[in-house]
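Hi there,

Here is the structure we talked about, ready for you to open. Have a look at it first, and then read my notes below.

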Amino acid sequence: MSAPVFIAGTGAISAIGYSTAACLAALKNEAAGIGEMHYLDSVHRNELPVAEVKLSNEELSALSGLAPHISRTAQLGTIAAKEALANAGIHDVAQWRTGFISANSVGGMDKSENFYKAFLPDPSKGRLRDVVNHECGTVTEIVADQLGIKDYITTISTACSSSANSIFFAARLIRNNILDVVVAGGADALTKFTLNGFNTLMILDSEYCKPFDENRKGLNLGEGAGYVVLVSEKVAATLQANPSVKLSGYCNANDAYHQTASSPDGTGSYLAMSGALKRAGLQPADINYINLHGTGTQNNDIAEGTAIKRLFEPHFPKMSSTKTFTGHTLGACGGIEAVFSILSIHNGIVYPNLRLETPMSALPFTPETKLVTGLDIKHVLSNSFGFGGNCSSLIFSKV
Amino acid sequence: MYIRATGNISPQQSFGHGPLLETPVDHAGNRLNCIEPDYKEFIDVKLIRRMSRIIKMGVAAASECLREADLQNPDAIVTGTAYGCLEDTGIFLGRMVEQQETLLAPTAFIQSTHNTIGAQIALQLQCNNYNNAFVHRGFSFESALLDAMLLLKEGDAQNVLVGAIDEITNASHAILTRMGLYRRDNAPGLNLLTTPQKGTVAGEGAAFFVLANDPSATDYAKLDALHTFYKPAGKEAIEKEIGRFLSEAGVELNDIDLIIDGRNGDLRHDDVFTELQSSLFKNIPTAGFKQFCGEFPTASAFALWLASRILKDAKIPAALNVSGEPAALKKILIYNNHLNSHHSLLLVSAC
């Protein structure tokens with residue numbers, strides 16, 4: 001049951017790049033992807049900055065091979081998942097028992113929004129092709145069909161922790177000898193539904209977000225997709241490139257405090273992080289880098305920070321929130337940040353937590369504000385916490 | 001592993017552990033809505049007003065199930081829903097479109113996320129344990145069940161609350177009718193399966209189970225095995241999957257006393273079941289279940305509840321209309337398929 005699960009490949013698309021390599025270059029160059037809204041057609045265009053993938057649906061379609069009218073979420077997912085499989089050097093998924101475990105928060109909502117405009121005044125109106133892919137699972141299947149994966153397919157939706165849970169579940173399917181290879185992660189496109197939803201909660205920053213800053217005002221939404229290819233030891237041995245990272249720890253806990261807010265002491269976050277350490281057989285001092293959930297809301301950052309203080313004091317690892325680059329990509333963030341965590345190990349670097357000016361007075365630590373290079377990163381903890389109290393932490397370790 | 005307790009809100013009188021389908025509800029029309037209980041016994045009155053129908057159904061079914069299991073704090077809560085909280089999604093989406101993204105209230109958005117029901121259950125119980133939500137069409141319940149079974153097998157949980165919830169809304173019913181899923185006239189009621197035509201009837205439900213590693217006095221049945229397969233190439237591929245499933249479970253077809261299958265009265269859908277009945281499943285007593293609960297992606301949870309009840313009662317209700325007479329009631333095989341693409345097999349046996 002504790003057989004190792006290796007990371008054989010990664011794929012990512014976000015506001016800072018359309019591939020893993022492009023994202024890494026932007027992270028190193030401190031080039032954030034947040035800006036004015038161009039592709040999402042919302043009345044909040046001039047008030048709320050977002051982190052869009054700077055490609056139209058037609059341009060995404062050229063990269064994904066899907067028709068342009070298919071949900072943007074499926075387009076993003078296909079591009080990143082294909083990259084992950086190619087990066088792993090797995091060209092024939094039929095060779096193994098292969099699964100695709102994806103995550104998203106609102107399925108094909110970007111198209112359902114258009115459908116509803118015509119449907120609402122007259123239920124016999126609206127193009128069905130715009131609502132046929134509304135379900136979260138349908139978006140996953142569009143991608144799975146593109147990858148040719150059919151042995152096991154499922155979708156997880158636990159708000160902002162969705163894709164961390166999909167990676168977690170994938171690892172367990174391998175450890176239980178149900179699958180050999182799993183492409184796992186998540187995808188989410190920006191939608192008006194989500195933008196307006198977060199806006200009603202008054203947790204969107206009208207400026208660029210400042211996670212873990214005393215004067216933080218909220219989050220910026222982003223979009224993208226991130227996938228990792230998890231493989232068993234048996235598969236790893238057949239790959240040309242020996243995997244150098246494994247998923248060593250994971251834990252899922254519930255804050256059980258409020259439908260949208262985190263408990264002040266970060267109970268769920270603490271349980272997720274401490275559970276992942278226990279699973280990996282590691283001590284807090286073994287962690288070299290924490291990829292923070294770090295959304296930039298008052299509530300998340302103090303809850304997450306308090307839980308980190310309780311667990312790690314006095315030996316704080318380096319930390320940063322890469323949402324300062326990509327915005328909060330919701331159902332995709334666990335996948336994208338898993339890719340960034342793996343890159344941190346590969347490259348011995350820690351990314352900057354951009355725009356951090358005044359560290360939070362309640363916390364005894366400060367995230368990194370500049371790129372740090374030349375490190376020996378052995379263990380990275382990646383946090384994903386969401387609505388509904390769903391908290392998950394993953395630990396990636398150097399082999 | 002053992003099915004220790006159940007809680008099921010469905011279009012039948014399934015809630016409250018009364019007699020099994022003694023007088024089945026014969027719904028008119030192509031929309032089988034759940035028969036809902038008085039929620040006051042299960043949910044704070046202030047919360048009832050705020051919660052949408054699917055959340056109330058889910059929380060009440062889960063509460064009933066935990067009460068039967070005499071369990072305060074399950075080691076894990078896992079839910080499956082294909083459509084999620086459609087009513088709240090529709091409310092927020094509708095207002096957003098009508099009010100052109102202005103003056104919106106957050107409640108419907110907050111309650112629209114797919115993990116709302118699992119989260120509300122955890123909140124009500126103050127349960128900090130593992131909590132997951134699967135949202136994969138006709139595999140939503142099966143994925144949740146697999147997660148639960150693995151948690152028990154891995155030893156990370158000794159008991160798991162696992163369930164499935166899906167609701168019909170006016171909008172979803174209108175859209176799925178336009179897509180051709182449902183019969184437009186001649187609503188067949190309980191004769192759904194014996195009057196095959198184009199289209200089926202819409203269903204919904206909230207069914208929860210407590211699965212446990214150890215046996216208890218209240219157990220319904222043992223859940224022996226689960227398998228799903230996606231878009232099989234044809235009848236031969238389906239037979240191969242069924243054969244492999246049974247052999248991996250160490251069971252012969254002859255050992256199966258009853259098959260509960262997922263036919264839904266739609267001519268375009270039921271061929272596979274009819275063919276299997278004259279080939280692989282020949283001479284095995286078989287019955288459908290969707291005449292009771294309607295068709296929806298997580299209907300297999302109703303089938304698991306039905307099989308569990310039959311094994312616990314050691315009696316098949318007459319309304320089930322089984323083809324043939326089971327020699328014994330030890331093993332039930334559930335074979336469901338949703339839209340011909342999502343196939344699932346569940347093997348349940350008497351304790």
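Predicted model: local features only at pLDDT ≥ 70, side-chain atom pairs only at ≥ 80, totals over all residues.

Most of α2(B) is covered, with 14 of its 17 residues buried.

Next, the interface between the chains. Here 48 residues of chain A are in contact with 47 residues of chain B. On the chain A side, the elements that each supply at least two residues are α4 (109-119), α5 (136-147), β3 (152-156), α6 (162-175), α7 (192-200), β6 (245-254) and α9 (267-280). The largest share, 5 residues, comes from α7(A). Sorted by class, this side of chain A has 18 nonpolar, 24 polar and 6 charged residues.

Finally, the domains within chain A. Domain 1 covers 6-236 and domain 2 covers 248-398, and their C-alpha centres lie 20 Å apart. Their contact takes 60 residues from domain 1 of chain A and 56 residues from domain 2 of chain A. On the domain 1 side, β1 (6-13), α1 (20-28), α6, β4 (181-188) and β5 (224-231) of chain A give two or more residues. Of these, α6(A) gives the most, with 7 residues. That side of domain 1 of chain A divides into 30 nonpolar, 21 polar and 9 charged residues.

Happy to go through it with you.

Best wishes

Technical notes. Residues numbered from 1 in each chain as written. Chains lettered and ligands numbered in written order. Buried ≥ 20, exposed ≤ 12 C-beta atoms within 10 Å, placed from the backbone. Helix = DSSP H or I, 4+ residues; strand = E, 2+ residues; numbered from the N terminus. Contact = placed C-beta atoms within 7 Å. Nonpolar A, V, L, I, M, F, W, Y, C, P; charged D, E, K, R; others polar. Domains from an automatic or database assignment.
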